[in-house]
Amino acid sequence: MLGLGTFRQGRRERRCCHGATSPRLPAEARPGSWAASGARRRVTFRPAQAREHRPNPSATLRSLVPGPPEVTRLASAPEGAGPEVGVRQPERALGGRRRPWPGGRETPDGSGVTGAPGLAGTMAEGEGPAIELRQRKKPKSSEYKESAKEKKIDDTAVPERAPKHILLQRFAKIFIGCLAAVTSGMMYALYLSAYHERKFWFSNRQELEREITFQGDSAIYYSYYKDMLKAPSFERGVYELTHNNKTVSLKTINAVQQMSLYPELIASVLYQATGSNEIIEPVYFYIGIVFGLQGIYVTALFVTSWLMSGTWLAGMLAVAWFIINRVDTTRIEYSIPLRENWALPYFACQVAALTGYLKSNLNTYGERFCYLLMSASTYTFMMMWEYSHYLLFLQAISLFLLDSFSLEQSDKLNVKKGTFVAKIMKVINFYLVCTLTVTLNIIMKTFVPHKENGYMLKFLEVKFGLNMTKNFTMNWLLCQKSLQAPSQDFFLRLTQSSLLPFYILVLIICFLSIMQVIFRRINNKSLKKTVTLEDGRIGERPEIIYHVIHTILLGSLAMVIEGLKYLWTPYVCMLAASGVCSPELWTTLFKWFRLRTVHPILLALILSMAVPTIIGLSLWKEFFPRLMTELTELQEFYDPDTVELMTWIKRQAPVAAVFAGSPQLMGVIKLCTGRMVTSLPLYNDDDLLKRNENIYQIYSKRSAEDIYKILTSYKANYLIVEDAICNEVGTMRGCRVKDLLDIGNGHVDCEEDDKLTYSKYGRFCHEVKINYSPYVNYFTRVYWNRSYFVYKINTVISFQS
């Protein structure tokens with residue numbers, strides 16, 4: 001210890017003697033030094049007595065080599081002080097360090113040379129020119145900075161390895177959390193399967209009755225899955241779907257691209273490749289995949305809450321809120337094959353990967369894993385849903401705002417290989433690459449007039465009250481429940497489950513903390529590189545900033561369009577659960593109040609465990625019995641009229657017959673009978689929207705001749721009139737189909753005090769049932785029951801009275 005202290009003291013004295021005019025470079029930056037050759041400098045300290053008896057080679061060399069007259073040697077260093085301690089040496093004052101002998105290197109103590117072959121013979125002769133000591137050039141500032149930076153890296157202390165008991169605790173925590181996440185997903189998938197069986201009594205139904213449970217566009221998606229299974233080969237099935245002319249009359253469509261049928265293609269391949277056709281029925285395999293994806297959805301929400309809060313207890317609470325509020329979190333109960341039920345699980349995985357990627361304490365391997373998972377899930381999400389680019393656009397806006405808020409102090413947030421801004425720009429670049437085609441398409445449609453883009457612009461104008469229209473399609477879309485503002489029952493359900501109050505609390509705290517961070521950066525105040533629990537600054541965490549921005553954007557849209565609540569409510573569950581289970585959020589709150597009686601960190605740790613426990617117990621007591629009742633109660637889907645109609649069509653109607661009717665019913669006919677139809681319940685095609693409007697004229701006040709011309713223009717052979725639409729009695733008078741048709745046809749003028757303009761024709765759906773001329777001349781009733789009336793469209797018109 002004495003030698004080490006003396007050695008450090010000698011180095012300090014040497015620096016003081018040099019002064020500011022002769023900076024000393026690190027050993028690794030000096031040319032010709034032994035440290036610059038790649039070896040690591042090692043200093044060995046021996047007892048002072050051992051050094052006394054050791055011969056000094058430098059003294060022997062100095063006695064043999066004549067030096068310049070102006071260079072004098074001073075007294076040797078005191079005993080035990082090391083070779084560098086003593087009075088200032090003249091060659092040091094010259095601004096240079098003694099150069100090593102040619103062919104050799106300086107010894108670690110700096111007093112002699114080693115490894116100089118031929119040097120002894122030269123010195124033994126005592127002849128030759130004198131050794132000239134030249135002053136070294138002053139190093140450049142850039143070289144000095146680089147050498148100082150390298151020295152700083154070398155001097156950085158290597159973190160010690162954590163003890164075994166701490167590693168075991170971490171492993172146990174991760175293992176239990178992963179086990180809980182996977183278990184939650186599996187239990188939710190099993191719950192959906194059991195609930196679906198109890199609701200529809202699926203196992204005791206015939207195939208026709210099972211298929212009737214798929215309504216509207218869900219029936220269209222499942223019908224193409226059946227077509228793929230019937231195809232002789234996968235290639236032939238794909239070709240028939242991409243050149244499909246057996247679904248809509250007089251129209252060839254690319255069903256794979258227009259309807260995003262990639263889930264059906266994948267499901268059909270898996271069903272045949274795994275040999276499941278010998279084990280399970282196609283419908284069970286199909287819905288089983290969707291239920292499994294919903295389990296992955298729940299697992300991803302669990303992991304996201306866990307990453308944000310640091311405890312898997314938040315994941316359990318997020319899953320509980322998601323299941324309890326499943327009426328507002330998913331539409332899996334009503335329409336299983338919907339594109340969002342296939343796509344949103346992948347988006348949840350992408351959000352979980354993005355959350356982990358934005359965390360500042362992530363290692364290199366974890367960062368690569370998150371990036372790869374984020375890339376794969378994003379591409380799959382875009383492939384599964386035709387409207388995915390809108391959601392990715394909102395996500396890109398959130399990342400852009402996150403980058404803007406972190407831009408000013410980005411040089412202080414060094415994270416692993418690059419700065420925080422570099423990571424954000426990497427993510428933004430990834431999204432630009434993924435959505436480049438879609439973005440260009442949107443830009444072109446914005447600046448170039450296009451008939452398909454007109455519906456979207458008109459819809460937004462009418463939705464926000466910027467314009468008024470009598471167009472049937474626009475008004476019919478606005479009257480759809482999913483496109484209206486959410487009702488009060490929605491907020492009441494979220495409040496009863498305690499989700500909405502805690503979400504508002506967490507959102508306010510995080511938002512105010514983010515505002516503090518923004519103002520602090522605007523005022524150029526210093527920010528910590530690593531935010532700890534004691535700081536109480538949850539708003540400085542990049543993943544928190546991103547999720548707050550994203551949930552605000554989604555919530556703003558969900559307040560206008562109720563259908564978007566299925567995107568926003570899962571976010572609410574995740575953010576609220578991660579907030580109440582995060583000690584950092586409670587510490588942030590208590591730092592504002594400046595508590596003195598109780599330590600804020602201790603109180604935050606207690607509340608982060610107590611609050612979710614109390615919430616979980618209350619939810620268990622109130623909602624768990626309801627969930628068990630749903631599983632034990634046997635329900636039944638009973639629709640005999642539709643079953644009779646489908647049976648008659650399969651038995652009596654020709655295979656090449658074309659049916660006309662409401663789009664929702666046409667989807668069921670396509671699925672159950674395979675017959676061709678005149679329209680489909682799809683709203684992303686201009687021609688299909690126009691067809692739907694024309695076919696709906698059977699419920700308007702139009703003449704029989706007009707209806708006949710419309711139907712024959714689409715080569716329809718049969719017309720189906722639904723009594724539920726013809727005699728519709730709705731609570732919203734202006735949103736009934738017959739009311740919207742009257743407005744669009746000018747039979748009711750809403751702008752002039754609801755003035756009625758009477759038509760000389762009665763409502764077609766009523767008049768055709770009476771069987772009098774001229775209706776019987778054009779249409780012949782061939783089948784009817786309590787709900788449906790089927791008319792054959794006459795090819796030869798007879799005007800007999």
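**Contacts, burial and aromatic geometry in a predicted model**

Residues 24 or more positions apart account for 70% of the contacts (heavy atoms within 4.5 Å) in the protein with a separation of 6 or more. This is a predicted model in which local features need pLDDT of at least 70, side-chain atom pairs count only at pLDDT 80 or more, and totals for chains, interfaces and linings use all residues. Residues are numbered from 1 along each chain as its sequence is written, and side-chain values use heavy atoms, with hydrogens and water left out.

Reader: What percentage of the residues in the protein is buried?

Author: Buried means under 20% relative accessible area, exposed over 50%, and partly exposed in between, with a 1.4 Å probe and protein chains only. Of the 801 residues in the protein, the buried ones make up 46%.

Reader: Is Asn692 buried or exposed?

Author: Asn692 has its place in helix 31 (residues 686-695); helices are DSSP runs of H or I with at least four residues, numbered from the N terminus. Not counting residues up to four places away in sequence, Asn692 touches Pro663, Ser679, Leu680, Leu682 and Tyr683. Because its relative accessible area is 6%, Asn692 is buried.

Reader: Which helix gives the largest share of the nonpolar patch?

Author: The patch on the surface is formed by Ile504, Ile508, Phe511, Leu512 and Ile552, with about 400 Å² of accessible area together. Ile552 lies in helix 25 (residues 542-558). The largest share, 4 residues, comes from helix 24 (residues 499-522).

Reader: Why does the pair of Tyr778 and Phe779 count as tilted?

Author: A search of the whole structure finds 37 aromatic pairs. The ring centres of Tyr778 and Phe779 are 6.4 Å apart. Rings of Phe, Tyr and Trp (its six-membered ring) pair if their centres lie within 6.5 Å, and planes under 30 degrees apart count as stacked, over 60 as edge-to-face and the rest as tilted. The pair is therefore tilted, since its planes stand at 50°.

Reader: How far from the ring centre of Tyr221 is the charged end of Arg339?

Author: A charge sits over a ring if NZ of Lys or CZ of Arg is within 6 Å of the ring centre and within 35 degrees of the ring normal. The charged end of Arg339 sits over the ring of Tyr221, and its distance from the centre is 3.8 Å.

Key
Helices (H or I, at least four residues) and strands (E, at least two) are DSSP runs, numbered from the N terminus. Patches are made of residues with over 30% relative accessible area and no salt bridge: like charges are joined within 9 Å, nonpolar side chains (Val, Leu, Ile, Met, Phe, Trp, Tyr) within 5 Å. Accessible areas come from the Shrake-Rupley method with a 1.4 Å probe; for residues, only the protein chains shown count as cover. A salt bridge is a side-chain nitrogen of Lys or Arg within 4 Å of a carboxyl oxygen of Asp or Glu.
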